[in-house]
Amino acid sequence: MTVAPVVLADEATRAAILDVEESRQRALLEVDLDTLRDLYDDSLIHTHAPGLTHTKAQLLEHIATRAPYKGATRGELTIRVIGDIAIMTGRLINRLGSPDGSERTVAGQVIQVLRRCEDGAWRFVSFQMTPDGEHVWTPTAEEKAGLDKIAQEEEQQ
């Protein structure tokens with residue numbers, strides 16, 4: 001049995017996946033359910049920052065009835081590929097509406113999994129956001145370098 005290695009996405013695959021991510025963000029802002037229906041695999045599991053987990057149907061209903069997404073900013077994204085599966089990780093800052101009409105910001109790290117489908121299109125099968133939280137340990141040298149990089153990226157935005 002041959003096992004596919006984990007590799008960084010080549011330029012063409014990276015561009016295709018980033019295009020899908022840009023389409024997802026645009027469709028969320030525009031509440032474009034037809035586009036989202038196509039971008040999300042039927043097997044989608046989407047876990048929001050507070051831990052609420054939706055299937056594809058539940059997420060589409062959430063978006064349609066609440067239109068919560070007001071803006072998004074992505075940091076540097078790492079895209080690794082294992083055969084026809086892509087794992088995209090990186091920072092996300094969401095601007096979201098609240099039930100009282102106010103706006104809030106939720107920032108954190110995101111893991112998104114996509115699969116290349118039979119028609120050649122990349123579709124999202126999993127989304128997990130871990131919001132920024134309290135750091136109780138003093139960062140190691142490697143962690144500090146990563147935190148400094150995030151702070152620099154956010155200052156540039």
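Me: Which residues are exposed on the other side of H3?
Reply: In this predicted model, the buried residues of H3 are Lys-56, Leu-59, Leu-60, His-62 and Ile-63. Their arc around the axis is only 155°, which means that they lie on the same side of H3. On the other side of H3, the exposed residues are Ala-57, Glu-61, Thr-65 and Arg-66.

Me: What do the buried residues of H3 pack against?
Reply: Leu-59 and Leu-60 are among the buried residues of H3. The buried residues of this helix pack against both helices and strands, namely H1 (11–30), H2 (33–39), S2 (40–47), S3 (53–55) and S4.

Me: Which residue follows H3, and what is its phi?
Reply: H3 covers residues 56–66. The residue that follows H3 is Ala-67, and its phi is positive, near 40°.

Me: Which are the edge strands of the open sheet?
Reply: The open sheet has 7 strands in the order S1-S4-S5-S6-S7-S2-S3, and its pairing is mixed. An edge strand pairs on one side only, and this holds for S1 (7–8) and S3.

Me: Which element gives the most to the lining of the largest pocket?
Reply: The largest pocket has a volume of about 420 Å³. Of the 20 residues that line it, the closest to its centre are His-62, Pro-68, Leu-96, Gly-97 and Arg-104. Two or more lining residues come from each of H3, S4 (69–82), S5 (85–97), S6 (103–116) and S7 (122–131). The element that gives the most, with 3 residues, is S5.

Me: How many residues of the lining of the largest pocket are nonpolar, polar and charged?
Reply: His-62, one of the residues closest to the centre of this pocket, is also one of the buried residues of H3. By class, the residues of the lining of the largest pocket divide into 11 nonpolar, 6 polar and 3 charged.

Me: Which element gives the most to the lining of the second largest pocket?
Reply: The second largest pocket has a volume of about 160 Å³. At least two lining residues come from each of S4, S5 and H4 (141–156). With 4 residues, the element that gives the most is H4.

Me: How many residues of the lining of the second largest pocket are charged?
Reply: The lining has 1 nonpolar and 6 polar residues, and its charged residues number 4.

Technical notes. Residues numbered from 1 in each chain as written. Predicted model: local features only at pLDDT ≥ 70, side-chain atom pairs only at ≥ 80, totals over all residues. Heavy atoms only, no water. 1 Å grid on protein atoms, 1.4 Å probe; cavity = no way out; pocket = protein on both sides within 12 Å on 5 of 7 lines; lining within 4 Å. Points joined across faces, edges and corners; volume = space filled by probe spheres on them. Nonpolar A, V, L, I, M, F, W, Y, C, P; charged D, E, K, R; others polar. Buried < 20%, exposed > 50% of the residue type's maximum accessible area, 1.4 Å probe, protein only. Arc of directions from axis to C-beta. Contact = heavy atoms within 4.5 Å. Pairing = 2+ DSSP bridges.
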